[in-house]
Amino acid sequence: LILTFGHGQVYDKRLFYKNFKCPVFGELGDDPQQFHNNMRCAELYEFILTPDLPSLLKYKDAGWNNVYWWTHCYDSEIFRPYPDVEVTTDIVTGMNEYGRRTKLLEILSGNKDSFTFVNKITNQDPVGYARHMCSGDIVFNCSNYGEITRRIFEAMACGKFVLTDKISERT
């Protein structure tokens with residue numbers, strides 16, 4: 001069994017099968033944001049895993065019966081409390097700084113200087129990202145589509161209080 005992780009990235013299952021003679025699972029993360037990119041990859045997998053229930057239903061409506069819902073997860077070797085990390089701020093986040101996210105943080109913090117942002121550090125330095133989460137009392141999450149994000153589970157695994165926007169009942 002080969003399990004690939006990625007959103008909208010193309011892995012050709014024929015290469016996996018030719019080299020390893022085993023089924024290929026595709027974890028198509030970032031649904032619903034990346035749904036249209038992920039849909040293009042659906043035919044490349046024997047099984048598709050999505051963390052978003054509405055996306056699962058869209059895949060099935062499009063004729064993909066090999067799609068399954070599974071929850072987000074985290075790597076417990078990376079996302080955990082780091083006792084050597086000093087808490088230096090009230091609110092931390094791992095989101096890009098723009099739009100309503102910034103407005104919500106300004107309201108919560110009273111001024112923009114009391115919180116920090118990390119942009120795309122998750123892809124470059126997961127341990128650094130986990131340590132960043134440990135440096136605040138609160139990890140703030142704000143989804144794009146009212147979906148459950150991996151950040152919620154990663155921050156809780158770090159032992160942090162997570163403040164998030166209202167999650168859609170459909171997820």
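**Aromatic pairs and a buried asparagine**

A search of the whole structure finds three aromatic pairs. The model is predicted: local features need pLDDT of at least 70, side-chain atom pairs count only at pLDDT 80 or more, and totals for chains, interfaces and linings use all residues. Residues are numbered from 1 along each chain as its sequence is written, and side-chain values use heavy atoms, leaving out hydrogens and water.

Biologist: Is the pair of F35 and Y59 stacked, edge-to-face or tilted?

Modeller: Rings of Phe, Tyr and Trp (its six-membered ring) pair if their centres lie within 6.5 Å; planes under 30 degrees apart count as stacked, over 60 as edge-to-face, the rest as tilted. The centres of F35 and Y59 are 4.8 Å apart. Their planes meet at 55°, so the pair is tilted.

Biologist: Is F35 buried or exposed?

Modeller: Buried means under 20% relative accessible area, exposed over 50%, partly exposed in between (1.4 Å probe, protein chains only). F35 has 6% relative accessibility, so F35 counts as buried.

Biologist: Which lysine lies over the face of F35?

Modeller: A charge sits over a ring if NZ of Lys or CZ of Arg is within 6 Å of the ring centre and within 35 degrees of the ring normal. At 5.2 Å from the centre of the F35 ring, the residue is K58.

Biologist: Which residue's side chain makes a polar contact with that of N141?

Modeller: N141 is buried, at 0% relative accessible area. A polar contact is a pair of N or O atoms within 3.5 Å; within protein, one must be able to donate a hydrogen and the other to accept it, and residues adjacent in sequence count only if both atoms are side-chain atoms. At 2.9 Å, the partner is T149.
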